[in-house]
Amino acid sequence: MQSTPRDLDSPEAIAEMLDAFYRKVLADDRLRPLFLDVAEIDLRTHLPCIRAYWCKLLLGERDGYQSNMVARHLALHEQHPLQLDDFERWLELFRETVNADFTGPSADRAKTLATRIAGNLVRLTRSPIST
Ligand code: HEM
């Protein structure tokens with residue numbers, strides 16, 4: 001069934017987008033091992049955490065995500081060096097997921113923020129002072 005494109009501006013829409021994004025990430029040969037073998041994420045705790053993060057960024061929810069995502073990625077990078085291609089693939093899947101079902105200012109903002117944050121993580125994982 002084809003649904004009408006809508007904006008990424010509610011907790012329900014954000015949860016739906018992230019479920020679809022993680023289906024793609026976990027089906028991807030480049031990214032899946034980073035999540036499942038290196039970080040050994042538990043989706044039952046990881047997905048709520050990621051939802052809270054995006055709800056904070058896009059909806060301004062204040063008492064949700066409080067953790068340090070940069071530190072998590074630097075720790076991951078220490079365990080298994082993240083490549084530029086990993087970030088590019090992550091972004092490609094993120095944009096593809098948003099574009100498939102969402103349109104509007106908040107969907108655009110999600111893609112802009114993802115690009116900016118991925119760029120920051122790339123710089124940090126390439127910096128000699130990142131540890
Ligand atoms: C190469 C690209 C990326 C890879 C392979 C990746 C992988 C991961 C993994 C494996 C975790 C779980 C870490 C852990 O629990 O120890 C994680 C957590 C997370 N990632 Fe990423 N990530 C990438 C890019 C991004 C980007 C660009 C964003 C934001 C726009 C992001 C947002 C988050 C958040 C919010 C968490 C939760 C951190 C926490 O537990 O507090 N990730 N990521």
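**Close-up views of a predicted helical model**

**View 1. Helices α5 and α6 pack against each other.** Helix α5 (residues 84-101) and helix α6 (residues 105-126) pack at an angle of about 175°, and their axes are 10 Å apart; axes are lines fitted to C-alpha atoms, for helices over the stretch in contact, and angles run from 0 to 180 degrees between N-to-C directions. Because angles under 35 degrees count as roughly parallel, over 145 as roughly antiparallel, 65 to 115 as roughly perpendicular and the rest as oblique, α5 is roughly antiparallel to α6. Residues in contact (heavy atoms within 4.5 Å) include Phe-87, Trp-90 and Phe-94 of α5 and Ala-110, Ala-114 and Ala-118 of α6. The residues of this contact between α5 and α6 comprise twelve nonpolar, three polar and three charged, where Ala, Val, Leu, Ile, Met, Phe, Trp, Tyr, Cys and Pro count as nonpolar, Asp, Glu, Lys and Arg as charged, and the others, Gly among them, as polar.

The model is predicted, so local features need pLDDT of at least 70 and side-chain atom pairs count only at pLDDT 80 or more, while totals for chains, interfaces and linings use all residues. Residues are numbered from 1 along each chain as its sequence is written, and side-chain values use heavy atoms, with hydrogens and water left out.

**View 2. Helices α1 and α3 cross, with His-46 in α3**. The axes of helix α1 (residues 11-25) and α3 come within 10 Å and cross at roughly 130°, and the two helices are therefore oblique to each other. Among the residues that make the contact are Leu-18 and Tyr-22 of α1, together with His-46 and Ile-50 of α3. His-46 is found in helix α3 (residues 43-59) and, at 17% relative accessibility, counts as buried (under 20% relative accessible area; exposed is over 50% and partly exposed in between, with a 1.4 Å probe and protein chains only). Not counting residues up to four places away in sequence, His-46 touches Tyr-22, Phe-35 and Ile-41.

**View 3. Ile-117 is a buried residue of helix α6**. Ile-117 has a relative accessible area of 18%, and, leaving aside its neighbours within four places in sequence, is in contact with Tyr-53, Leu-57 and Met-69. The C-alpha atoms of Ile-117 and Val-70 are separated by 9.3 Å, although these residues are 47 residues apart along the chain.

**View 4. His-73 is the single protein donor to the iron atom of the ligand**. The NE2 atom of His-73, which lies in helix α4 (residues 69-79), is 2.0 Å away from the iron. Donors are N, O and S atoms within 2.8 Å of the metal (3.2 Å for Na, K and Ca), and water is not among the atoms, so sites may look incomplete.

Methods
Helices (H or I, at least four residues) and strands (E, at least two) are DSSP runs, numbered from the N terminus.
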